[in-house]
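Here is a short tour of a few local features, written for someone who likes to know how each value was set. Have a look at the model first, and then read on.

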Amino acid sequence: MSQIASPDTAVASVTSTQKRPVSFDLDSPELAATYDRVGVRQYEHGKLLIADLAISEGEKVLDIGSGTGLLSSYVAARVGPGGRVTGVDPLPHRVALAKGKAIERGLRNLDVQVGRAEDLSGFDDASFDVVYLNSVFHWIEDKPRALAEIFRVLKPGGRLGLNSGDAERPHQSAQLLKEAAQDAGIPAARQPDGRNLGAVSNAELQSLLTAAGFVDYQGDTRTIVDDVPDAADLLAWSRSSSFGNAQVSFHGDEQARFVAAVNRRLETFRSAEGIRLERYLIFATARRPQLA
């Protein structure tokens with residue numbers, strides 16, 4: 001379960017650094033199925049993004065990085081039979097689950113296909129009223145190219161919405177996993193990164209969208225509070241949400257030591273409400289200008 005806490009504006013300025021490349025080849029049917037179960041965290045804050053965009057009945061919407069279809073199914077119900085939602089995702093195992101979900105729920109206005117943000121050539125210019133990316137933008141390697149494609153497929157006046165890890169505020173879980181790996185004696189070269197892979201700051205995000213031609217940028221960092229029962233839950237979420245990119249390779253008894261260290265670190269966050277960890281996401285909206 002996740003909830004929103006009040007934003008903390010007292011944030012030190014940190015220069016974002018180049019992160020290691022992201023691989024789409026590490027995903028598996030098991031990771032995809034796990035994400036379909038634990039991805040409720042992304043689903044819940046995704047609904048906040050949809051509210052920010054005021055998506056309404058009859059609109060044509062593109063969901064980039066639609067995963068297993070949790071949020072795109074929600075949006076398909078929101079736009080109704082007069083609207084349409086198209087989802088694209090680079091991970092075939094997750095696309096298969098999303099397609100099954102659409103059939104199971106009778107969502108004839110939802111189509112999901114394999115694709116990437118940097119190449120939307122399968123869609124005509126000015127095809128969509130809304131494009132959104134829920135917990136996806138930080139995974140995109142060529143962000144300017146992706147934004148150029150999004151700008152192209154949006155109708156004049158169309159809206160873009162996204163949320164993304166904040167380069168200036170790494171999630172508490174990312175820091176915790178790195179510290180637990182240190183506690184377990186795992187060599188630095190095999191430790192988790194401890195940062196938000198591919199994240200940008202609010203100022204960097206605004207610059208990227210402005211350079212791509214978008215106007216009326218609105219962005220703020222929000223604090224998401226997650227209930228975390230134990231190490232198994234946190235690790236399942238971390239591995240499946242990163243489609244394997246956050247996995248640690250273990251030797252000998254390192255895995256047992258690491259899990260024990262994660263549980264010890266989690267206990268330091270325990271309160272009367274249970275164990276809660278904070279994540280920090282930039283929520284941003286902008287639009288393609290109307291034609292002159």
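## Terms and ground rules

A residue is called buried under 20% relative accessible area, exposed over 50%, and partly exposed in between, using a 1.4 Å probe and protein chains only. Helices (H or I, at least four residues) and strands (E, at least two) are DSSP runs, numbered from the N terminus.

This is a predicted model, in which local features need pLDDT of at least 70 and side-chain atom pairs count only at pLDDT 80 or more, while totals for chains, interfaces and linings use all residues. Residues are numbered from 1 along each chain as its sequence is written, and side-chain values use heavy atoms, with hydrogens and water left out.

Helix α4 has 13 residues (92-104), which at 1.5 Å a residue should span 18 Å, and its end C-alpha atoms agree, being 18 Å apart. The expected span here is 1.5 Å times one less than the number of residues.

Which residues of α4 are buried? They are R94, V95, A98, K101 and A102. Elements covering them include α1 (29-38), α3, β3 (84-89), β4 (110-114) and α8, where contact means heavy atoms within 4.5 Å. The face turned away from the buried side carries the exposed residues I103 and E104. Just after α4, G106 has a positive phi of about 65°.

## Helix α3

Helix α3 (residues 70-79) is largely enclosed by the rest of the structure, because seven of its ten residues are buried. Those seven are L70, L71, S72, S73, V75, A76 and V79. G80 follows α3 with a positive phi, near 75°.

Most residues other than glycine have a negative phi. D216, in strand β7 (residues 215-227), has a positive phi near 60°. With 47% relative accessibility, D216 counts as partly exposed.

F243 also has a positive phi, near 40°, and lies in the loop between α8 and α9 (254-267). At 7% relative accessibility, F243 counts as buried.
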